[in-house]
Amino acid sequence: MHPRDQTIYALSSGRPPTAIAIVRVSGPLAGQVLECLAKKLPAPRLATHVLLFDEKLGPIDDAVVLWFPGPASATGEDVAEFHIHGGRAVLASLFGALAAIDGLRLAEPGEFTRRAFENGKLDLTEAEGLDDLIHADTDRQRRQALRQLKGLLGDRARNWRQQIIEALALVEVGIDFSDEGDVSAELLAPALAKASALHREIEDALAAQGRSERLRDGLVVAIAGQPNVGKSTLMNQLARRDVAIVSPHAGTTRDVIEVQLDLDGYPVTIIDTAGIRETADPVEEEGVRRARARAAEADLVLWLVDSSAEASNPEQWLTESETPVWVIRNKVDLVQTASAGPDLLIAISAERGDGLAQLLALLVDFAGRYFGSGEAGLITRERQRLLLRSTSDLLQHAAASAEQGEEFVAEDMRAAAQQLGRLLGRVDVEDILDSIFRDFCIGK
């Protein structure tokens with residue numbers, strides 16, 4: 001039996017112990033599983049209170065079960081749900097009973113969602129939206145993912161593809177009547193007009209995407225500077241917990257330390273790096289190399305300087321970086337007056353907390369400008385952007401191919417429709433499905 005025809009089961013709620021655990025079964029044997037363990041098949045989509053019982057194990061749990069006959073289910077197949085008490089022993093007993101039934105197997109990561117995709121319950125952009133929703137850490141990520149799950153991009157792409165197919169039909173009719181020149185010309189003109197209009201619409205979507213792709217991964221901010229300027233103390237203050245070792249000895253931080261923050265709904269990764277200086281210690285030298293590399297890759301660098309010492313110049317150490325750099329004077333609590341240089345952004349005391357509220361406000365403002373309107377963008381993944389770019393280029397080329405003949409126009413339009421089909425997951429995407437669905441958790 002092909003794996004797609006098998007009946008699968010998995011825990012679809014959080015890890016035990018929990019108040020309630022949900023175990024989902026999907027496939028042709030889902031109804032038989034219910035009859036075996038609940039001793040009856042409940043009315044469709046009606047929560048039913050039953051005593052789950054196994055012939056070998058005896059009573060399993062006092063539970064609630066639901067029955068969703070396909071295709072009116074989440075996966076498009078017959079689906080059964082067991083809502084049980086979330087103790088480990090209860091879950092182990094139910095899993096033992098399910099494993100003993102011939103034809104059932106544990107689901108693989110993302111297999112429920114993949115079956116929903118294969119059965120037409122959602123397209124690939126909606127599946128990607130569900131994956132993003134599962135992994136969303138901030139409210140802005142959640143809202144963006146939910147819009148994708150509800151068809152923000154998928155609905156537009158289906159409409160664009162349908163219009164391309166309609167335009168292609170006009171061109172192909174013109175080819176069939178190529179011996180009647182007036183018919184061919186009358187049909188080609190509206191087809192090219194439609195292709196040009198679609199090209200502009202897709203270009204507008206590409207131009208308006210902002211940094212919606214980056215909203216999934218977040219903004220990366222590196223804290224850098226020479227040793228003993230308070231980088232780890234600032235890191236701990238921003239994280240509101242001790243994530244980095246603070247020591248008066250230079251070179252304490254040897255590796256890169258990261259922490260994820262939610263700043264007004266924006267996902268931000270803060271990186272604490274090793275103190276940057278010339279050193280003969282090979283371990284510290286490697287830490288300095290990594291610090292400079294991560295600062296060059298970051299979206300923003302907070303360059304800390306000691307208010308009580310001579311300020312270091314970030315350009316001396318970050319020569320290969322084009323990343324924006326904010327110069328921040330720290331330890332203002334140790335000096336009466338902090339000298340202000342031309343590049344100074346703000347003066348703080350990471351130890352005492354002075355200026356941290358202002359620094360956080362500046363970071364939130366930077367994140368807002370960095371992401372721009374990305375939250376409302378259609379495109380959330382590189383795969384989507386590349387396929388839309390290819391579609392737009394093909395439509396533009398179709399208009400330029402008119403002088404070569406209707407056959408060239410038709411070929412470009414056919415390829416453009418295929419690219420949108422790949423975007424939706426309906427054409428030639430088998431090679432990328434595994435890479436998408438394997439990131440899902442088991443039970444989804």
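Is Tyr-370 buried or exposed? Tyr-370 counts as buried, because its relative accessibility is 13% and the cut-off for buried is under 20%. The model is a predicted one.

**Helix 2**

- Helix 2 runs over residues 88-99 and has 12 residues.
- From its first C-alpha to its last, helix 2 reaches 16 Å, close to the 16 Å expected at 1.5 Å a residue.
- The buried residues in helix 2 are Val-90, Leu-91, Leu-94, Ala-97 and Leu-98.
- Seen down the axis of helix 2, these buried residues fall within an arc of 125°, so they line one face of the helix.
- Arg-88 and Ala-89 are exposed, and they sit on the face of helix 2 turned away from its buried side.

**Aromatic pairs**

- A pair of aromatic rings is described by two values, the distance of the centres and the angle of the planes.
- The count of aromatic pairs comes to 5.
- One of the pairs is Tyr-9 with Phe-95: the ring centres are 5.4 Å apart and the planes stand at 85°, so this pair is edge-to-face.
- This pair links distant parts of the chain, as Tyr-9 is in strand 1 (residues 7-11) and Phe-95 is in helix 2, 86 residues apart.
- Tyr-9 is buried, with a relative accessible area of 5%.
- Tyr-370 and Phe-371 also form a pair, with ring centres 5.2 Å apart and planes at 85°, so the pair is edge-to-face.
- Phe-371 counts as buried because its relative accessibility is 2%, which is under the 20% cut-off.

**Aromatic cluster**

- Tyr-370 and Phe-371 belong to one aromatic cluster, together with Tyr-266, Trp-326 and Phe-366.

**Arginines over rings**

- Arg-140 lies over the face of Tyr-266, at 4.0 Å from the ring centre, and Tyr-266 is among the residues of the aromatic cluster.
- The charged end of Arg-24 sits over the ring of Phe-112, 5.1 Å from the centre of that ring.

**Annotated site**

- An unreviewed UniProt entry carries the annotation "binding site", which covers Ser-232 and Thr-253.
- Ser-232 is placed in helix 9, residues 231-239.
- Ser-232 is buried, because its relative accessible area is 9% and the cut-off for buried is under 20%.

Key:
Residues are numbered from 1 along each chain as its sequence is written. This is a predicted model: local features need pLDDT of at least 70, side-chain atom pairs count only at pLDDT 80 or more; totals for chains, interfaces and linings use all residues. Side-chain values use heavy atoms; hydrogens and water are left out. UniProt positions are given in the numbering used here, feature names are shortened, and annotations may be inferred rather than shown by experiment. Helices (H or I, at least four residues) and strands (E, at least two) are DSSP runs, numbered from the N terminus. Buried means under 20% relative accessible area, exposed over 50%, partly exposed in between (1.4 Å probe, protein chains only). The expected span of a helix is 1.5 Å times one less than its number of residues. The arc is that of the directions from the helix axis to the C-beta atoms. Rings of Phe, Tyr and Trp (its six-membered ring) pair if their centres lie within 6.5 Å; planes under 30 degrees apart count as stacked, over 60 as edge-to-face and the rest as tilted. A charge sits over a ring if NZ of Lys or CZ of Arg is within 6 Å of the ring centre and within 35 degrees of the ring normal.
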